[in-house]
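Hello,

Here is the structure for you to look over. My notes on some helix packing follow below it.

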Amino acid sequence: MSDAPTGPLRADASIIETRDLHKHFGDVRALAGVDLTVPPGVTGLVGANGAGKTTLIRLLLGLTVPTSGHVAVFGTPVAKDAADLRARIGYMPEGNCLPRDQTAADFVAYAAELAGIPSTEARRRASETLFLVGLHEERFRYLGDFSTGMQQRVKLAQSIVHDPKLVLLDEPASGLDPAGRDQMLEIINRFREFGLNVLFSSHLLDDIEQTCDWVVMLDGGRLLRSAPLEPPSDGTAVSVEVFGDPLPLVTALTAKGVDVTHAGRVVTAASPSEDVFITVRDALAASGSSVRAMGADLRSLEDVFVAATKESNG
């Protein structure tokens with residue numbers, strides 16, 4: 001890694017920023033030229049298994065170093081002071097890593113003490129944090145007796161017990177049944193009440209749609225997209241889901257001079273200088289298309305991900 005970035009990493013513009021970030025493990029390319037800026041809030045990190053999500057998280061924590069390029073958190077290069085940054089970051093790993101012979105209260109209190117919190121205060125915080133994640137009465141049970149869902153909540157509790165400024169969640173709903181998954185997502189949504197910044201890694205796009213404001217998409221180590229989860233509803237774009245072939249509507253809209261994209265049967269028209277609803281109405285009539293749904297943006301995150309992947313692959 002070179003000694004310094006070519007320009008300043010903007011402390012006021014992002015929680016996370018990377019520049020031309022590469023990470024190789026031998027002949028395996030985990031990340032390739034990732035230029036990324038993540039704003040404050042709850043951000044989803046999306047990609048299939050092997051896309052580079054966990055590698056990016058490990059780079060943010062300073063647990064591994066880039067092959068080349070730069071990565072910063074809170075405007076501070078990770079290479080400059082990884083230990084100090086880790087004190088301000090919470091991390092929930094994906095794998096099973098809990099000691100079976102400790103109680104939840106002891107383990108979470110120990111995590112707080114590792115962050116420099118005095119013993120008495122650490123135990124108070126552990127109790128409050130376990131209550132927050134729904135494990136108040138169970139906190140004195142041994143972790144080896146916990147279900148998968150309860151263990152996931154303990155991992156979540158230890159990641160926030162020291163009041164971090166950023167929480168990195170690696171597949172937090174992994175292995176959970178539908179009820180446990182819904183409960184986990186509800187807890188993550190509550191983090192907004194406490195002003196926590198979150199990077200939420202998942203290969204389940206529905207989970208990201210339910211929790212996040214911003215989305216980062218990775219595929220094969222490449223950055224596909226970093227953008228708000230939903231574009232601002234400013235009246236300049238309209239999406240239409242049609243029955244049957246969408247191409248007649250695409251052709252009619254293109255002829256009217258508006259910007260057109262489509263994913264599956266959802267067609268989106270955008271123009272800052274036209275009344276898009278009227279333009280879409282006229283194009284529907286001209287093309288003879290039948291409407292199933294119409295709104296500001298009907299594309300699912302899966303539609304966006306598939307379209308971005310196709311575009312990236314040329």
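Pro248, Leu249, Ala252 and Leu253 in helix 8 meet Thr279, Val280, Ala283, Leu284 and Ser287 in helix 9 (contact means heavy atoms within 4.5 Å). These residues divide into seven nonpolar, two polar and no charged (Ala, Val, Leu, Ile, Met, Phe, Trp, Tyr, Cys and Pro count as nonpolar, Asp, Glu, Lys and Arg as charged, and the others, Gly among them, as polar).

This is a predicted model: local features need pLDDT of at least 70, side-chain atom pairs count only at pLDDT 80 or more, and totals for chains, interfaces and linings use all residues. Residues are numbered from 1 along each chain as its sequence is written, and side-chain values use heavy atoms, with hydrogens and water left out.

Helix 8 (residues 247-255) and helix 9 (residues 276-287) pack at about 125°, axes 9 Å apart. They are therefore oblique to each other (under 35 degrees counts as roughly parallel, over 145 as roughly antiparallel, 65 to 115 as roughly perpendicular, the rest as oblique).

Now helix 5 (residues 148-160). Of its 13 residues, 11 are buried (under 20% relative accessible area, 1.4 Å probe, protein chains only). Among them are Met150, Val154 and Ile160. The buried residues pack against strand 6 (89-92), helix 3 (104-114), helix 4 (119-132), strand 7 (166-170) and helix 6 (178-190).

How do helix 5 and helix 6 pack, and at what angle? The angle is about 15°, with the axes 11 Å apart. The two helices are therefore roughly parallel. Gln152, Arg153 and Leu156 of helix 5 and Gln183, Met184 and Ile187 of helix 6 make the contact.

Best wishes

Methods. Axes fitted to C-alpha atoms, helices over the stretch in contact; angles between N-to-C directions. Helix = DSSP H or I, 4+ residues; strand = E, 2+ residues; numbered from the N terminus. Expected span 1.5 Å × (residues − 1). Buried < 20%, exposed > 50% of the residue type's maximum accessible area, 1.4 Å probe, protein only.
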